[in-house]
Amino acid sequence: MFTDDQFARFLEFGFVVVEGFFTVEECDSLRTRISEIIDEMDVPQHLLTEFSTQEKEQTEAQGNTDYFLSSGDKIRFFFEKGVFDSKGDFLLPKEKSLNKIGHALHARELAFKNLTFSPKVKEVAQKLDLKEPVIVQSMYIFKQPGIGGEVTPHQDATFLYTEPLGSITGFWIAIEDATEENGCLWFIPGSHKAGITRRMLRSPKGEQPLIKFMGQERNYPDDEFISAPVKKGGLILIHGQVVHKSALNTSDKSRHAYTFHIMESRDSHWSEENWLQPTPELPFSPLYT
């Protein structure tokens, strides 16, 4: 399923597309459950949070309440920009307003748990020579038609920092076809070898906003990126330091995806300054169980 050639491409380029990794039925089971979760969704109006990857907006939106920072062991809802009126009421149907749901689907929802801890995921982890991998977080991303927000160029290790670097791997699963038209991922091949220049940190207790950034993202020319379209059921394996992005979805088709991140916990330290922290209720879950 995950070949030696694909492993070699991952090491060289920092990402690899593995078509047909999950079945259509597995993808549909996640989408069905997400629809049920949305039907049951009840977010107090004062906690409605718009999600952005623009640094200033990110600091203002996610840094103003604890709703984002305390989501690591919960299932919480984050919305696209511009979907609420001045009173906080939805301008669009709620299922068309979501940016993502995170960050503990892998632990709190059986359908997501079964896929995340499936034998084929463990096989990839073993191929990567991960000795004690743990799941640190998971998200369902909607990339809504017409409004699905741009994800600016970034490295996952900016947000999920470990010492030493190189301990984070992302598993990105296409629940629908991801194309250049509906906002597929774009990567700079080989950029995982250049380290990181920016980190998102928890602010010291009592400070506002609750998150801050240290350092600056480099400027990346557009012509350095290559697109990574993938069919429904395909997996994109993402090195924690590879630079990637996705454009605003201006098409009439959504681009649903399920993604989770694995950390090699052997001889690796998770930073206490990361926004995401394990809790007594949900320590990071070992993959090989």
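**Figure 1. Strand 7 and strand 12 pair in this predicted model.** Strand 7 covers residues 168-174. Five bridges join strand 7 to strand 12, and the two run antiparallel. Gly-170 stands opposite Ile-238 in strand 12. Strand 12 also pairs with strand 1, residues 15-18. Four bridges join strand 1 to strand 12, again in an antiparallel arrangement. Here Val-17 stands opposite Ile-236.

**Figure 2. Strand 12 is covered on both faces.** The strand comprises residues 235-239, and five of its five residues are buried. In a regular strand, side chains alternate between the two faces of the sheet. One side of strand 12 carries Leu-235, Leu-237 and His-239.

**Figure 3. Helix 7 packs against helices and strands.** Helix 7 spans residues 119-127. Its buried residues are Lys-120, Val-121, Lys-122, Val-124 and Ala-125. These buried residues pack against two helices, helix 2 (24-40) and helix 6 (110-116). They also pack against strand 4 (133-141), strand 7, strand 12 and strand 14 (257-264). An α-helix has 3.6 residues a turn, so residues three or four places apart point the same way. Just after helix 7, Asp-129 takes a positive phi of about 65°.

**Figure 4. Phe-68 and Phe-78 form an aromatic pair.** A search of the whole structure finds 16 aromatic pairs. In this one, the ring centres of Phe-68 and Phe-78 are 5.9 Å apart. Their planes meet at 80°, so the pair is edge-to-face. Phe-68 lies in helix 4 (residues 66-69) and Phe-78 in strand 2 (residues 75-79), so the pair ties together parts that are ten residues apart in sequence. Phe-68 has a relative accessible area of 3% and is buried. Phe-78 is buried too, at 0% relative accessibility.

**Figure 5. Tyr-258 and Phe-260 form a tilted pair.** Their ring centres lie 5.7 Å apart. The planes stand at 45°, so the pair counts as tilted. Both Tyr-258 and Phe-260 are buried. The two residues belong to one aromatic cluster.

**Figure 6. Charged side chains sit over aromatic rings.** The charged end of Lys-100 sits over the ring of Phe-78. It lies 5.6 Å from the ring centre. Phe-78 is also the edge-to-face partner of Phe-68. Elsewhere, Arg-199 lies over the face of Tyr-161. Here the distance to the ring centre is 3.8 Å.

**Figure 7. The whole chain, for orientation, has seven helices and 16 strands.** The radius of gyration is 18 Å, close to the 19 Å that the globule rule gives for 289 residues, so the chain is as compact as a globular protein of that length. Along its principal axes, the C-alpha trace spans about 55 × 40 × 40 Å. Of the 289 residues, 55% count as buried. Among contacts with a separation of 6 or more, 82% come from residues 24 or more positions apart. The accessible surface comes to about 12800 Å². Carbon and sulfur atoms account for 51% of that surface.

Methods:
Residues are numbered from 1 along each chain as its sequence is written. This is a predicted model: local features need pLDDT of at least 70, side-chain atom pairs count only at pLDDT 80 or more; totals for chains, interfaces and linings use all residues. Side-chain values use heavy atoms; hydrogens and water are left out. Buried means under 20% relative accessible area, exposed over 50%, partly exposed in between (1.4 Å probe, protein chains only). Two strands pair if DSSP finds at least two bridges between them. Rings of Phe, Tyr and Trp (its six-membered ring) pair if their centres lie within 6.5 Å; planes under 30 degrees apart count as stacked, over 60 as edge-to-face and the rest as tilted. A charge sits over a ring if NZ of Lys or CZ of Arg is within 6 Å of the ring centre and within 35 degrees of the ring normal. Contact means heavy atoms within 4.5 Å. The radius of gyration is taken over C-alpha atoms; the globule rule is 2.2 Å times the number of residues to the power 0.38. Accessible areas come from the Shrake-Rupley method with a 1.4 Å probe; for residues, only the protein chains shown count as cover.
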